[in-house]
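Here is a short briefing to read alongside the model. Please keep the 3D view open as you go through the points.

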Number of protein chains: 2
Amino acid sequence: MQHVAGLDFGGTSVKMGVVDQSGAIVAKDTVSMDPSMSFAAIMSSLVAALRRCVARSGVTLCAIGVGTPGFSDRGTGVLVEGCRNIPHLQGNSIGGYLGREFGVPSVADNDATSAAAGELLFGVGRRLRSFVLITIGTGVGGGLVLDGKVYRGAGGFAGEIGHMGLDPNGLWCNCGSRGCFEQYASATAIARLYAEKARKRGFPVEEGLSARGVFEAAARGDPLAADTIDAVARRIAQAFGTLLNVLNVEGCVIGGGVSQAGEAIVAPVERHLADYVWPLVRSGVRVAIAELRNDAGILGAAAGALERVT
Amino acid sequence: MQHVAGLDFGGTSVKMGVVDQSGAIVAKDTVSMDPSMSFAAIMSSLVAALRRCVARSGVTLCAIGVGTPGFSDRGTGVLVEGCRNIPHLQGNSIGGYLGREFGVPSVADNDATSAAAGELLFGVGRRLRSFVLITIGTGVGGGLVLDGKVYRGAGGFAGEIGHMGLDPNGLWCNCGSRGCFEQYASATAIARLYAEKARKRGFPVEEGLSARGVFEAAARGDPLAADTIDAVARRIAQAFGTLLNVLNVEGCVIGGGVSQAGEAIVAPVERHLADYVWPLVRSGVRVAIAELRNDAGILGAAAGALERVT
């Protein structure tokens, strides 16, 4: 049995685990991280924690996988962009550092690509050879599995699904474009759309309302919440529709925090999807929720590593 | 030196050639086809013509490739949809028929996918390992080359780029969706957009005006024609932008009849592209015209065959 490590970078902590080929986590830990620390300081505390994990598990690592916000160059491994919350990671190769410390192949992927790798090996991939994963959390990310393999793109930057342009006259995005998918479908956007609808009608809006709160309100019968979710589902359907037209994949998968809504988001996306897709490529495609929940980040990063050594 | 045949189905004729591995056409022919003929009648006249081509060239075929409008199922080879002008082809396997007659592997691809295969082997692929090809003619088609290989999708239906939804409130398309790319960028659409602009201003519109006529008018300084081309280029840029965000390919290629406009279409697409794409994936990407011109259809079909035997 081969073992790899998976490290999942969040904004203020790193989850790590030692994982076997079947997806069983044999040891794990969560390391707090002060995002203002230097790259060397962050990495040395991670290396120490990972050494403890490995010692505890009593196995030998044959590779290390890492998932981070932002994008690592496929050739050099350097994190080049999109990880603004942990500025000192950018311009450095996390995989390169871990590889030197542990003497095994080490690779870093964007966290949504990493999630897709995890789903391929341990989740929906057991029944689908190709799918698009849209991760809907604070932002919107994407991972692609084509012809049974994770697709990373020429530079390693594929899957910028949150910035697909869904409306040339739509909302301005902080990327400088208009109508980006992320403006309509992130958890942030869901809460904002609901608040806008409520304020426009003079209804009070709970301070710090979350996307989860909007789904709960809809479940209680709040029609504004239901309208918000329907509008969001339409945009998700539009994005999936375009991706199906272009890529003819077997499945559309929703991951990230918003996927916890389950059928409350899957059902309206399924209903609207036909409006945005060529019937031939719609046929037989199910919209599904990602199967990995807890430890999805660790398992995704581990899957990225297993992909390189098996 | 291996030789294959390439057959390119148009609306009323089939171009065919015997092609060697370097892309040299050693014999070719064009066979008229009455689109109302039965499948057997169409195929037997093609088989006879191809036998004559092969005899004339004095070589042995090792495979046959076919490009058609519409989509052939990747598993069965059956043309399942999108070839309305030649109704009797649908429901039949052109590759299967030719394979039985000639006793060699025979495969059919959508014509835009076929064009992408040709560009990969004999055209832009000599400097690009990944690209998106948008073919703009009577309609809009698309072909994808990812990581050095033609990408066909789970069922063989990938590349329905003409039906990417660019505007959820846009023009209705005959596919039943709104805002499809094809409504804004086909040769038909270019002529229609120009005519609409002219009529709205009370200017006379030449009967049967073509897209080429619009480009010629723009070259003569007609501001309505220039505005039309700029609007079309914006939509092409939007489509390329979304495709770059999703696929992180190295190049954006324009093929089909409209590509004859050359710099007159490339320059405005290049100019607008940054409005629709994440800067990281825009970087280093050139918009280019497809390199294969005459015989592109034969060479594309032949490339699809060579891909299977080399």
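A residue counts as buried under 20% relative accessible area, as exposed over 50%, and as partly exposed in between. By that scale E307(A), at 34% relative accessibility, is partly exposed. Please bear in mind that this is a predicted model.

**The contact between chain A and chain B**

- Chain A gives 45 residues to the contact, and chain B gives 45 residues as well.
- The size of an interface is often given as the accessible area lost when the parts come together.
- Here the area buried between chain A and chain B is about 3600 Å², and carbon and sulfur atoms give 55% of it.
- On the chain A side, V246(A), W278(A) and L280(A) lose the most area to chain B, together 19% of what that side buries.
- Two salt bridges are counted between chain A and chain B.
- R74(A) forms a salt bridge with D147(B), and the closest N and O atoms are 3.3 Å apart.
- Polar contacts between chain A and chain B come to 24 residue pairs, with both residues at pLDDT 80 or more.
- Which elements give two or more residues to the side of chain A that touches chain B? They are strand 6 (79-81), strand 9 (140-146), strand 10, helix 7 (223-247) and helix 9 (279-282) of chain A.
- Helix 7 of chain A gives the largest share of that side, seven residues.
- By residue type, the side of chain A that touches chain B divides into 22 nonpolar, 13 polar and 10 charged residues.

- E160(A) is in the loop between strand 10 (149-151) and helix 4 (182-185) of chain A.
- Is E160(A) buried or exposed? E160(A) counts as buried because its relative accessibility is 8%, and the cut-off for buried is under 20%.
- Leaving aside residues up to four places away in sequence, E160(A) touches F71(A) in its own chain and N245(B), V246(B) and W278(B) in chain B.

**Salt bridges in chain A**

- Over all chains, the count of salt bridges comes to 24.
- One of them joins the side chains of E307(A) and R152(A), at 2.9 Å from N to O.
- E307(A) lies in helix 10 (residues 296-309) of chain A and R152(A) in the loop between strand 10 and helix 4 of chain A, so this pair ties together parts that are 155 residues apart in sequence.

**Salt bridges in chain B**

- E196(B) forms a salt bridge with R192(B), with the closest N and O atoms 3.4 Å apart.
- Both E196(B) and R192(B) lie in helix 5 (residues 187-200) of chain B, four residues apart, about one turn of the helix.
- E196(B) is partly exposed at 41% relative accessibility, and R192(B) is partly exposed at 29%.
- The side chains of E270(B) and R282(B) also meet in a salt bridge, at 2.8 Å from N to O.
- That pair links distant parts of the chain, with E270(B) in helix 8 (residues 263-273) and R282(B) in helix 9 (residues 279-282) of chain B, 12 residues apart.
- E270(B) counts as partly exposed at 23% relative accessibility, whereas R282(B) is buried, with a relative accessible area of 18%.

**Strand 11 of chain B**

- Strand 11 (residues 251-255) of chain B is mostly covered, and five of its five residues are buried.
- Which residues lie on each face of strand 11 of chain B? G251(B), V253(B) and G255(B) are on one side, C252(B) and I254(B) are on the other, and all are buried.
- Strand 8 (residues 131-136) of chain B runs parallel to strand 11 of chain B, and five bridges join the two.
- Strand 12 (residues 286-289) of chain B also pairs with strand 11 of chain B in the parallel sense, over four bridges.

Terms used: Residues are numbered from 1 along each chain as its sequence is written. Chains are lettered from A and ligands numbered from 1 in the order in which they are written. This is a predicted model: local features need pLDDT of at least 70, side-chain atom pairs count only at pLDDT 80 or more; totals for chains, interfaces and linings use all residues. Side-chain values use heavy atoms; hydrogens and water are left out. Buried means under 20% relative accessible area, exposed over 50%, partly exposed in between (1.4 Å probe, protein chains only). Two strands pair if DSSP finds at least two bridges between them. Contact means heavy atoms within 4.5 Å. Buried area is the accessible area (1.4 Å probe) that two parts lose on being put together, summed over both. A salt bridge is a side-chain nitrogen of Lys or Arg within 4 Å of a carboxyl oxygen of Asp or Glu. A polar contact is a pair of N or O atoms within 3.5 Å; within protein, one must be able to donate a hydrogen and the other to accept it, and residues adjacent in sequence count only if both atoms are side-chain atoms. Ala, Val, Leu, Ile, Met, Phe, Trp, Tyr, Cys and Pro count as nonpolar, Asp, Glu, Lys and Arg as charged, and the others, Gly among them, as polar.
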